[in-house]
Amino acid sequence: MKNMTDSNLIKPTNEIEALQQGELIVYPTEAVWGIGCDPENEAAVMKLLAAKNRPVEKGLIVVAQNLSQCHDYFDFDKVPIEKRPEIFSSWPGPITWLLPAKASAPKWITGGSDMIAIRISAHPTIQRICKTFNRPIVSTSANRTTEPVCNNIGEAMKVFGSDVSIYVNESLGGSDKPSIIKHSLTGEIFRS
């Protein structure tokens, strides 16, 4: 049997095939267009970082359908009991929490930090993708670092072109700004 290489893979026809093949996708989020990939695939994450011109040290957000999809990423036991109600009652929703990362969490996602950014999204497209993919995906804004966020899928196509395999042309959510990012241990707000 012939070995499969990148050059002879069949081009993905949908976002799930793209994620499985280590490709990038652009998709709608609560407020902005996102670009993502399989967080477990280091090569895919490096491709995403190169496309955005983003340093790995900044870390990335992981977005999921439900909390159980994230159990391999954050250390539940290190989340103080008194903080848990605020965190877990905010999901699904547009709040990203910096949570204590498990030692097994991919360093290319955490940026080498001992924290990991996680959001459980209520957006129907993200819910469907994560449910079908059966795990979280990377979620970062669809733009090159320091440049404005793409306002529509056409702008994303102009910016990323063939770096992205699948553009999921569905509706954005109703939020007027990206998710809030809060530190789970200190309550500090990094983005509001």
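Nine strands make up an open sheet here, in the order 7-1-2-6-3-5-4-8-9, with mixed pairing. Strands (E, at least two residues) and helices (H or I, at least four) are DSSP runs, numbered from the N terminus, and two strands pair if DSSP finds at least two bridges between them. This is a predicted model, where local features need pLDDT of at least 70 and side-chain atom pairs count only at pLDDT 80 or more, while totals for chains, interfaces and linings use all residues. Residues are numbered from 1 along each chain as its sequence is written, and side-chain values use heavy atoms, leaving out hydrogens and water.

**The sheet and its helix**

- At the edges stand strand 7 (166-167) and strand 9 (189-191), each with a single partner strand, so one side of each has no neighbour in the sheet.
- Strand 2 (residues 33-36) and strand 6 run antiparallel and are joined by two bridges.
- Gly-34 has Ser-141 of strand 6 as its bridge partner.
- Helix 5 packs on this sheet, touching strand 1 (25-28), strand 3, strand 5 (115-120) and strand 6.
- The direction of helix 5 makes about 135 degrees with that of strand 1; axes are lines fitted to C-alpha atoms, for helices over the stretch in contact, and angles run from 0 to 180 degrees between N-to-C directions.

**A look inside helix 5**

- Ile-126 sits in helix 5 and counts as buried, at 0% relative accessibility.
- As for the cut-offs, buried means under 20% relative accessible area, exposed means over 50%, and partly exposed is in between (1.4 Å probe, protein chains only).
- Leaving aside residues up to four places away in sequence, Ile-126 touches Tyr-27, Pro-28, Thr-29, Glu-30, Val-63, Arg-119 and Ser-121; a contact means heavy atoms within 4.5 Å.
- Thr-29 is 97 residues from Ile-126 along the chain, yet their C-alpha atoms are separated by 7.0 Å.

**The aromatic cluster**

- Phe-76, Phe-88 and Trp-91 form one aromatic cluster.
- Rings of Phe, Tyr and Trp (its six-membered ring) pair if their centres lie within 6.5 Å; planes under 30 degrees apart count as stacked, over 60 as edge-to-face and the rest as tilted.
- The count by this rule is two aromatic pairs.
- Phe-76 and Phe-88 are stacked, because their ring centres are 5.6 Å apart and their planes are at 20 degrees.
- Phe-76 lies in the loop between strand 3 (61-64) and helix 3 and Phe-88 in helix 3, so this pair ties together parts that are 12 residues apart in sequence.
- Phe-88 and Trp-91 are tilted, because their centres are 6.1 Å apart and their planes are at 55 degrees.
- Phe-76 is partly exposed at 36% relative accessibility, Phe-88 is partly exposed at 21%, and Trp-91 is buried at 10%.
- Arg-84 lies over the face of Phe-76, at 4.2 Å from the ring centre; the rule asks for NZ of Lys or CZ of Arg within 6 Å of the ring centre and within 35 degrees of the ring normal.

- Trp-91 is joined to Pro-92 by a cis peptide bond, with omega about -5 degrees.
- Pro-92 is in the loop between helix 3 (84-89) and strand 4 (95-100).
- Asn-134 isn't a glycine, but its phi is positive, about 70 degrees.
- You'll find Asn-134 in the loop between helix 5 (124-133) and strand 6 (137-141), exposed with a relative accessible area of 61%.
- Thr-146, another residue other than glycine, has a positive phi near 75 degrees.
- Thr-146 is in the loop between strand 6 and helix 6 (153-160) and is exposed, at 80% relative accessible area.
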